[in-house]
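Please keep the sequence and the structure in view while reading.

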Amino acid sequence: MPAALEPNRLTQVLRRLRRAGAPLLDLTLTNPTAAGIEYPESILDVLADRRSLQYEPAPLGLIEAREAIARDCERNGIKVAADRVVLTSSTSEAYSALFKLLCAPAGDAVMVPAPSYPLFEHLTGLDGVHSIPYRLEFHRRWAIDFDTLDDGWSDSVRAVLAVNPNNPTGSMVSDSETMDLAMRCAKRDAALILDEVFIDYPLSGDRSPAKRIDECLTFRLGGLSKSAGLPQVKLGWIIVEGPEPQAQGALDRLELICDTYLSVSTPVQHAAPALIAAGASVRTRILQRIRTNDRALREMAREYGSVEVLPADAGWSAVVRVPATRSEEDLAIALMEAAEVIVHPGFFFDFPHEAFLVVSLLPEPAAFGDGIRRVMELAHA
C-alpha cells in the first residue's frame, strides 16, 4: 500500500470547488455511460437470462462466452481458439492474475511503459511486484526507447507490459516494435503482456490487423468496458499466445488462479454473445464522438501558436503541450479555479518533462469545445 493516503493538492482543490457547487466542465471524463452516448434501450435485458439461475462454476469461463470473444477478436485480425481465452471481471483483474502467474511477490519485476497508466503503480504494488519503467520517446511520433528497456532489464524481470494503443499518448506499438519486444522476451525467458483495450478506436483511417505472436509467451488483454462501452457489466479477458508448451502451462496455472477466485458472474457470461453484438453500435457512436472531438481540438489549437496537440493514432485521450510558464499542477489548479475546467496534468502519467495536459475525447462535443477553448485561452495567456 502507499505510505500516505492523503488526497493530493489537485484533489483537495477539486473537492472544495465541488462542495461549493462550482459548475465544472470535466475534460477528464472517461465513463461512456456518463457521456451522453446513446445505448440500445434493451441492451442489458440479456442479463436476465434464466439459465443464470443455475450456477455452473467454470474457472476459465463458460465456453459460449469464450467462443463469442474468440469470434469477435477476428475483427482485429486476431485468430484465437476459444480454449485460449480466459475470462476475468476486468482488465485490472487480468493484470493481477498474470502477476500471480509470472512473478514471485518478493523481488520479481515487470517493465512498464512511461508515459502510461498511473494505475500500474498500484496494480504491481498490490501484488508485491516491482515495476521498472522504460521510456517512450517523442520525435513527431511516440516510439519505444529500447535503450532504456535494455538498461532497466534485470534478472528479476518476468514480463514486459505494452499498451497498444498507449493511454494517454494514443500511440500504436508498431509491428517492428512488437517483434523487437517479443524477441527480447523470448531470449530472456520473459512474457509479453499487450493491453489492447483501446484497439477498437483509431482516430483516422483503419488499423492494421494484429499479427499473431509465437516467439514468446504472450497475453493480450481486452474487455467490454471499452469494446462495447459497458464498464458496469465487468467482463474482461486474456488471450494466450506463444510456444505451445509454455502457453498450455500458463493456461493450466491460470485455471488454478481463476478457480481460486471465481470472480466472473454467471449472468454476464451467458449474456456475452449478445452484449458483444449489441456493443457494436455503441462502439460506433463512441468512435464518432472521439473523432469529432479530436478534429475540433486540433482545429482550435491552430488558432494558438503556443499550444500544440501531439499526434495520436487511437484511443480516448489527447495530449496537449502548453507553454511551461508555471508547473503543470499550478496550471491545472488555475484551470479549475479560474476557468472551471478539469484536466489531467502530464506528471500523472509520468511524462519526462513539463508542460503537458491530458484531456479525454469522450465528453459531449458542445461541452468539450467550450472547455478546450477555456484551456487554450488560459494556457496561451
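How do the residues of the lining of the largest pocket divide into nonpolar, polar and charged? They divide into 26 nonpolar, 16 polar and 3 charged. Here Ala, Val, Leu, Ile, Met, Phe, Trp, Tyr, Cys and Pro count as nonpolar, Asp, Glu, Lys and Arg as charged, and the others, Gly among them, as polar.

## Basis

The model is predicted: local features need pLDDT of at least 70, side-chain atom pairs count only at pLDDT 80 or more, and totals for chains, interfaces and linings use all residues. Residues are numbered from 1 along each chain as its sequence is written, and side-chain values use heavy atoms, with hydrogens and water left out.

## Pockets

The largest pocket holds about 1000 Å³ of space. Its lining has 45 residues, and Thr30, Tyr117, Leu119, Asn167 and His344 are the closest to its centre. On a 1 Å grid over the protein atoms alone, a pocket is an open set of points with protein on both sides within 12 Å along at least five of seven lines, whereas a cavity is a set where a 1.4 Å probe fits but cannot get out; lining residues have an atom within 4 Å of a point. Points are joined across faces, edges and corners, and a volume is the space filled by probe spheres set on them. Two or more lining residues of the largest pocket come from each of α1 (9–19), α3 (91–102), α4 (119–126), α7 (224–227), α10 (328–338), β13 (344–345) and β14 (356–360). These elements are DSSP runs numbered from the N terminus: helices are H or I of at least four residues, strands E of at least two.

The second largest pocket has about 540 Å³ of space. It is lined by 21 residues, with Pro118, Leu119, Glu121, His122 and Phe348 nearest its centre. At least two lining residues are supplied by each of β3 (109–114), α4 and β4, and α4 has the largest share, 4 residues. By class, this lining has 14 nonpolar, 4 polar and 3 charged residues.

## Cavities

There are 3 cavities of 30 Å³ or more. The largest cavity contains about 150 Å³ of space, and among its 16 lining residues Asn76, Glu196, Ile199, Gly222 and Trp237 are the closest to its centre. α2 (63–73), β8 (218–223) and β9 (236–241) each give at least two residues to this lining; β8 gives the most, with 4 residues. The lining consists of 7 nonpolar, 4 polar and 5 charged residues.

About 100 Å³ of space lies in the second largest cavity. Leu136, Ile144, Val163, Ser171 and Val173 lie nearest its centre, out of 14 lining residues. β4 (130–138), β5 (142–144) and β6 (157–163) give two or more residues to the lining, and the largest share, 3 residues, is from β5. This lining has 10 nonpolar, 2 polar and 2 charged residues.

## Helices α9 and α11

The axes of α9 (residues 266–301) and α11 (residues 365–380) come within 10 Å and cross at roughly 30°. Axes are lines fitted to C-alpha atoms, for helices over the stretch in contact, and angles run from 0 to 180 degrees between N-to-C directions. The two helices are therefore roughly parallel to each other, a term for angles under 35 degrees. Their crossing is right-handed, meaning that the near helix is turned clockwise from the far one by less than a right angle.

In the contact (heavy atoms within 4.5 Å), α9 provides Arg289, Thr292, Asn293, Leu297, Met300 and Ala301, and α11 provides Pro365, Phe368, Gly369, Ile372, Arg373 and Met376. The contact residues divide into 7 nonpolar, 3 polar and 2 charged.

Key. Parallel < 35°, antiparallel > 145°, perpendicular 65-115°, else oblique.
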